[in-house]
Amino acid sequence: FTASLALAQGDAYPSKPITLVIPFSAGGPTDVVARSLGVALTKTIGKPVVVENKTGAGGTLAAGYVAKAAPDGYTLLLHHNGMATAPALYRKLPFSPLNDFEPISQVIDVPMTLVGRKDLPAKSLKELLPYLKANAEKVNVAHAGLGAVSQLCSLLFRQAIGQNFQTVPYQGTAPAMNALLGSQVDLLCDQTTSTTTFIKADKVNLYGVTTTQRIPAMPDVPTLAEQGLKGFNMVVWHGLYAPKGTPQVVVQKINTAFRAALKEPAFQQQMKELGAQIVPEDKQTPEGLRSWLKAETDRWGPLIKAAGVYAD
Ligand code: MLT
């Protein structure tokens, strides 16, 4: 009976609007991606896809909400690396990223950029590293709060240069960027979806991209790795999830519509302009996302534990 009921639900799906929950605030990098994706998915799935921002607790509030939502395909979650880092960052996490969701697909990869306030005397990474040493006591690095990818990037940078510095948490990406533009902080490592505008307007110093290869959107900008920070590798990846127990027939329907959405020209164009890369087709699968989430959980857990950053 349950199987036939699930099949019947699957046949009718979708019969009403779908809510795409995102864990971060309007206008931020994740929101920019989700809005563009919502438009494309509305077209390919045939019902309105409405983006809902549920902010708080480093993204774990939204993820916990979707984990407990009805498993019927009408409440979905778009989240980034935070799904892999939450178990190490939050000691009392009320859900399991690996066990409480049906992964649907990976989405896009977004490179990050290390940028500095415009009036910082160091104009290149080569000048920045000795500057950081000489000013170790007073250098400040902004980030968008516990669990933000900008925080992860700052941890990785600290590890790569083998030197400590002050980090300053803000309530989100926009306030962190504003603090940098206002010269209240020295550095910020953030997603190209958020920094591209300010880089193009020459409002910040740019020290490099965080990926292992240079990115097509900024071919002249060197990677941090090629400038001596060997192996530096930070990519913001995104996944689409449904609550655990969503019928497989519904998961498949969402996956099919989602893959078509990733091919929508307007979405592709927007992502390209922001330096984001749509993932290859073998990652646009439940299994592709499941195994990647596991690998990333294993990568970040020890690094976060070693850095000693967590919430009780
Ligand atoms: C956002 O959309 O605000 C960001 O993705 C937050 C972050 O840095 O993780």
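Student: Which residues surround the ligand?
Tutor: This is a predicted model: local features need pLDDT of at least 70, side-chain atom pairs count only at pLDDT 80 or more, and totals for chains, interfaces and linings use all residues. Residues are numbered from 1 along each chain as its sequence is written, and side-chain values use heavy atoms, leaving out hydrogens and water. A residue is near a molecule if one of its heavy atoms lies within 4 Å of it. Around the ligand stand Phe24, Gly28, Pro29, Thr30, His80, Ala148, Val149, Ser150, Thr173 and Gln191.

Student: How far is an oxygen atom of the ligand from an N or O atom in the side chain of Thr30?
Tutor: A polar contact is a pair of N or O atoms within 3.5 Å. For Thr173, the separation from a ligand oxygen is 3.2 Å. For Gln191, a polar side-chain atom lies 3.0 Å from a ligand oxygen. For Thr30, the value is 2.7 Å.

Student: How much of the ligand's area does the protein bury?
Tutor: Areas come from the Shrake-Rupley method with a 1.4 Å probe. Alone, the ligand exposes 270 Å². The share buried by the protein is 98%.

Student: Which residues form the disulfide?
Tutor: A disulfide is a pair of cysteine sulfur atoms within 2.5 Å. Here the sulfur atoms are 2.1 Å apart. The partners are Cys153 and Cys189.

Student: Is Cys153 buried or exposed?
Tutor: Buried means under 20% relative accessible area, exposed over 50%, partly exposed in between (1.4 Å probe, protein chains only). Cys189, at 2%, counts as buried. Cys153 has 1%, so Cys153 is buried.

Note on methods: A polar contact is a pair of N or O atoms within 3.5 Å; within protein, one must be able to donate a hydrogen and the other to accept it, and residues adjacent in sequence count only if both atoms are side-chain atoms.
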